[in-house]
Amino acid sequence: MTTVTEPHRLWRNTRYLTWLVSDTSKGLAASLFGFAIPLLALIVTNDPAQAGIIGGAGMVARLLMTLAGGVLADRHRRIALMLLGSLIGIVLAGGFTLLALGDAMTFGSLLVIDVLLAARSGLFDVAGESAIKEIVPDDAMGRAQAANQGRDAALQLAGGPLGGLLLGVGGWLVGVVMTLCHAIAALTAWMLGRQVRRAGVVDAGENPDDLRAVRRVEPEHAAGTADGLGRGTSTTPPAARPNAWKELREGFGWLLSRPDLGGVLLITTVINLGFNATITTIIYALQQDGYSELLIGALSASIGAVMLVGAVCAPLLVPRIKAGVLTIAGLTVVSIGAIALSMVTDPWAIAVVLGASVLLIPALNAGMMGYFMVATPSHLLGRANSAAGVLGMGAMPLAPLIAGFGLAWIGREWTILICAALCLISVVLAVSNRALRALPVESGWAEHAKQYETT
């Protein structure tokens with residue numbers, strides 16, 4: 001007689017809900033600061049170049065610290081790192097509030113606080129992203145990632161208007177709300193740690209088998225042997241000292257060795273560069289044409305609204321449509337949208353085309369990120385996460401360069417067409433990637449991943 005296992009009910013998983021509140025609170029703080037810092041930099045310096053330096057320095061700091069964050073997430077308890085990161089966030093957000101209240105905002109102070117907050121995100125966000133593997137079972141991971149996509153879309157939708165409202169009162173109020181968000185994230189991370197311990201779930205970045213091998217002392221060797229001075233000499237060999245560079249290479253090496261994951265990284269890099277350069281070109285062009293910041297902000301909010309709709313649909317698509325099919329379909333729609341954007345200049349027409357372009361992105365992300373979480377061993381998840389993030393986002397600093405120089409040299413239409421060509425290249429890479437095409441629906445991820453495991 002065959003027994004039918006009831007699907008995991010994600011919204012009854014209190015550990016996941018606690019994790020979601022913590023991660024969302026932290027995400028809202030990041031969204032508010034990401035909105036406020038460019039405007040504050042422009043207000044303080046009245047120089048777009050200096051504002052760009054502040055933003056670029058923060059991006060570099062986050063990318064570099066993400067590598068270190070991956071090592072930390074695989075060495076230490078991930079929920080404990082979530083708590084520590086939120087506590088540091090409280091201190092930094094509080095410092096930002098005091099600077100704003102004291103009218104001490106300068107180029108130098110904004111540069112330092114932006115780099116510190118970005119470095120905090122790089123060091124500790126990987127741990128939060130990786131902790132979900134210990135909280136959500138494999139057969140529900142796709143739906144969990146779809147819910148996370150909905151959360152991200154809601155943050156994008158609300159972050160701009162809320163940030164503008166707070167900034168209208170003063171930069172200090174942005175800092176107060178950021179501090180409150182980090183405090184909520186810290187409290188819920190602490191609660192999650194207690195829930196996990198009560199449930200007997202292992203909260204450790206390290207492989208439990210490796211830990212036992214290092215820490216085990218056999219009874220007959222526990223005392224060791226006595227030397228001439230009466231001191232005990234243990235016969236257990238000392239554990240090897242941690243080597244961060246070796247651990248990083250292991251994460252990158254494992255990821256690139258997997259046909260089902262490594263090939264996707266290049267596709268991710270190309271599509272991120274192509275589509276983000278498209279959006280940046282549109283924003284720059286609208287600014288040059290004299291449209292208000294409010295209208296441009298509304299355009300960004302409209303993208304968030306459509307992605308929220310897509311995220312609502314994602315839990316229905318991921319269990320029913322193969323992840324490979326969703327990925328190729330999503331990339332194709334984005335590419336067609338990029339081509340269409342080269343032909344429209346009216347802001348509301350742009351909003352419609354952009355909305356249609358991003359509708360499938362939440363389902364695409366949920367499928368790929370969900371499979372990634374299922375396929376990656378827990379002891380490598382932090383480093384693999386950071387490697388994927390750095391490789392996938394490493395070309396992003398080129399997006400404003402393509403937009404800026406493209407508009408100056410060849411104009412809006414041809415710049416966007418070049419960006420669309422990059423998007424089309426990602427579609428060709430996806431269609432020609434046999435391992436990507438074969439990715440199944442959510443219920444088959446764990447079994448599919450096993451065929452690529454090495455002993």
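**Helix packing and an aromatic pair**

The crossing of helices α9 and α11 is left-handed. This description refers to a predicted model. The axes of α9 and α11, the latter covering residues 323-341, approach within 11 Å and cross at roughly 30°. Because angles under 35 degrees count as roughly parallel, α9 is roughly parallel to α11. On the α9 side, the contact is made by Ile 267, Ile 271, Phe 275, Thr 278 and Ile 282, and α11 contributes Leu 331, Val 334, Ala 338 and Leu 341. By class, the residues of this contact of α9 with α11 comprise 8 nonpolar, 1 polar and no charged.

Helix α9 (residues 259-288) also meets helix α13 (residues 361-375), where the axes come within 11 Å and cross at roughly 140°. The two helices α9 and α13 are therefore oblique to each other. Here α9 passes α13 in a left-handed crossing. Asp 260, Leu 261 and Val 264 of α9 form the contact with Met 368, Tyr 371, Phe 372 and Ala 375 of α13. The contact of α9 with α13 holds 6 nonpolar, no polar and 1 charged residues.

A further crossing involves helix α15 (residues 398-409) and helix α16 (residues 411-431), whose axes come within 7 Å at an angle of roughly 140°. That angle makes α15 oblique to α16. In this case α15 passes α16 in a right-handed crossing. The residues in contact are Ile 402, Ala 403, Gly 406, Leu 407 and Trp 409 of α15, together with Gly 411, Arg 412, Thr 415 and Cys 419 of α16. They divide into 5 nonpolar, 3 polar and 1 charged.

The next topic is the aromatic rings. Across the whole structure, a search finds 4 aromatic pairs. One of these joins Phe 33 and Phe 96, whose ring centres are 5.4 Å apart and whose planes stand at 85°, so the pair is edge-to-face. Since Phe 33 belongs to helix α1 (residues 14-45) and Phe 96 to helix α3 (residues 78-101), the pair ties together parts that are 63 residues apart in sequence.

At 1.5 Å a residue, its 29 residues should span 42 Å, and the end C-alpha atoms of α6 are 42 Å apart, which agrees. Just after α6, Gly 200 adopts a positive phi of about 75°.

Conventions. Residues numbered from 1 in each chain as written. Predicted model: local features only at pLDDT ≥ 70, side-chain atom pairs only at ≥ 80, totals over all residues. Heavy atoms only, no water. Helix = DSSP H or I, 4+ residues; strand = E, 2+ residues; numbered from the N terminus. Expected span 1.5 Å × (residues − 1). Axes fitted to C-alpha atoms, helices over the stretch in contact; angles between N-to-C directions. Parallel < 35°, antiparallel > 145°, perpendicular 65-115°, else oblique. Left-handed = near helix turned anticlockwise from the far one by under 90°. Contact = heavy atoms within 4.5 Å. Nonpolar A, V, L, I, M, F, W, Y, C, P; charged D, E, K, R; others polar. Phe/Tyr/Trp six-rings, centres within 6.5 Å; stacked < 30°, edge-to-face > 60°.
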